[in-house]
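Subject: Structure handover

Hello,

Please find the structure below, followed by notes on what was found in it.

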Protein chains: 2
Amino acid sequence: MLSDEDLAIILSYFKPLTKNKNDILLSQGEISQQTFFVGKGCLRMFFINEEGKDVTRYIAFENQIATALVSFITKQPAMESIQVVERSELLAISHIDFNYLMTIIPQWREFYCSYLEKAYVNNTNRLMSFTTMDAFERYSQLLKINPNIVKRLPNKVVASYINVSQETLSRLKSKT
Amino acid sequence: MLSDEDLAIILSYFKPLTKNKNDILLSQGEISQQTFFVGKGCLRMFFINEEGKDVTRYIAFENQIATALVSFITKQPAMESIQVVERSELLAISHIDFNYLMTIIPQWREFYCSYLEKAYVNNTNRLMSFTTMDAFERYSQLLKINPNIVKRLPNKVVASYINVSQETLSRLKSKT
């Protein structure tokens, strides 16, 4: 269990931050320096592929964490950008402080480890969906697992999350 | 640093195991109970997609670890199988023992955490390659990052790793 003292130390490293719709928190090619906790609003992680197509990898809503995790792990330039989808109230922690907390608070390392587990499961499910499912199946799965994405976000973002055109998404929506 | 005593404890939980080519260590649909360390040989993790196509997700050579990680994390039936590609000398640890070691040896948890990091980076690169690269680019990247897969393994396995037909793989090989 995390003691009140350790919790106070952890929270002291987070800085509150309000960001507007469409603000970019990290650009593809930069090294990721911060992790964001979403208090209110929504962030998305996306990349532009070689055909110039916008692909959304992950969407973080309230009480979720958003970071360019590969760049955090490898300290290499991020292959993705982080963008504000809805005006958001965030808590930001620098990666220097994030790593420092792991050295002084064992539960913070455990938290990171379980965050990695969730990220791994999520990414594998995405990988499986791209290699085993067609567009309709990907859309049906999204509706089941993460209906908020379909209900709350513009078609443009939903389409880029399941990697279809907006026209295809409209057809899929009318089929269900 | 890991003390000699802790190392001895960790090793005492691993059981040596020799397995023949094509042996199945875990079948899609079973709950993953063991993690394998490859001393010699090669294992692959694969699944059969809905069209009946064989897709290889990960290949573990010497000194690498193979497990159905999502099943280990979620304790749900595995979406993939583990198969012996070359006759292999393995060390196996049960997941009960794996988790027990995390509670008694902090460095074992750290090891697991850094294993998760590597698995996450690897899977994300795979996800990016399926959404941003064509077959030729995937093959070129594989040659650069993991040439052993192309050099050591049969065409059938290589093709299923980059998700192309064996005919396409032969064409790609002749182009490079």
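A:Leu2 is partly exposed, because its relative accessible area of 33% falls between the cut-offs (buried is under 20%, exposed is over 50%, partly exposed is in between, with a 1.4 Å probe and protein chains only). A:Leu2 sits in the segment before α1 (4–12) of chain A; helices here are DSSP runs of H or I with at least four residues, strands are runs of E with at least two, and both are numbered from the N terminus. Together with A:Leu7 and A:Leu11, A:Leu2 makes a nonpolar surface patch of about 240 Å². Patches take residues with over 30% relative accessible area and no salt bridge, joining like charges within 9 Å and nonpolar side chains (Val, Leu, Ile, Met, Phe, Trp, Tyr) within 5 Å. The areas come from the Shrake-Rupley method with a 1.4 Å probe, and for residues only the protein chains shown count as cover.

This is a predicted model, in which local features need pLDDT of at least 70, side-chain atom pairs count only at pLDDT 80 or more, and totals for chains, interfaces and linings use all residues. Residues are numbered from 1 along each chain as its sequence is written, chains are lettered from A and ligands numbered from 1 in the order in which they are written, and side-chain values use heavy atoms, with hydrogens and water left out.

Salt bridges

Over all chains the structure holds eight salt bridges, each being a side-chain nitrogen of Lys or Arg within 4 Å of a carboxyl oxygen of Asp or Glu. In chain A, A:Arg152 pairs with A:Glu62, and their closest N and O atoms are 3.0 Å apart. This pair links distant parts of the chain, since A:Arg152 is in helix α6 (residues 147–152) and A:Glu62 is in the loop between β4 (54–60) and β5 (65–66), 90 residues apart. A:Arg152 is partly exposed at 30% relative accessible area, and A:Glu62 is partly exposed at 28%.

In chain B, B:Glu62 and B:Arg152 also meet in a salt bridge, at 3.0 Å from N to O. B:Glu62 lies in the loop between β4 (54–60) and β5 (65–66) of chain B and B:Arg152 in helix α6 (residues 147–152), so the bridge ties together parts 90 residues apart in sequence. B:Glu62 counts as partly exposed at 29% relative accessibility, and B:Arg152 does so at 30%.

B:Arg152 forms a salt bridge with B:Glu86 as well, with the closest N and O atoms 2.7 Å apart. B:Glu86 is in strand β6 (residues 81–94) of chain B and B:Arg152 in helix α6, so this pair ties together parts 66 residues apart in sequence. B:Glu86 is partly exposed, at 23% relative accessibility. In chain A, salt bridges that share partners join A:Glu62, A:Glu86 and A:Arg152 into one network.

Cavities

How many cavities of 30 Å³ or more are there? The count is four. A cavity is a set of points, on a 1 Å grid over the protein atoms alone, where a 1.4 Å probe fits but cannot get out, and lining residues have an atom within 4 Å of a point. Grid points are joined across faces, edges and corners, and the volume is the space filled by probe spheres set on the points.

The largest cavity has a volume of about 90 Å³. Of the 13 residues that line the largest cavity, A:Thr124, B:Val70, B:Ser71, B:Met79 and B:Glu80 lie nearest its centre. Two or more lining residues come from each of α4 (106–132) of chain A and α2 (69–74) of chain B. The lining has eight nonpolar, three polar and two charged residues, where Ala, Val, Leu, Ile, Met, Phe, Trp, Tyr, Cys and Pro count as nonpolar, Asp, Glu, Lys and Arg as charged, and the others, Gly among them, as polar.

The second largest cavity holds about 70 Å³ of space. Its lining includes A:Arg57, A:Ser71, A:Met79, B:Tyr120 and B:Thr124.

Backbone

A:Asn22 has a positive phi of about 80 degrees although it is not a glycine. A:Asn22 is in the loop between β1 (15–19) and β2 (24–26) of chain A. In chain B, phi of B:Asn22 is near 80 degrees, also positive.

Regards

Notes
1 Å grid on protein atoms, 1.4 Å probe; cavity = no way out; pocket = protein on both sides within 12 Å on 5 of 7 lines; lining within 4 Å.
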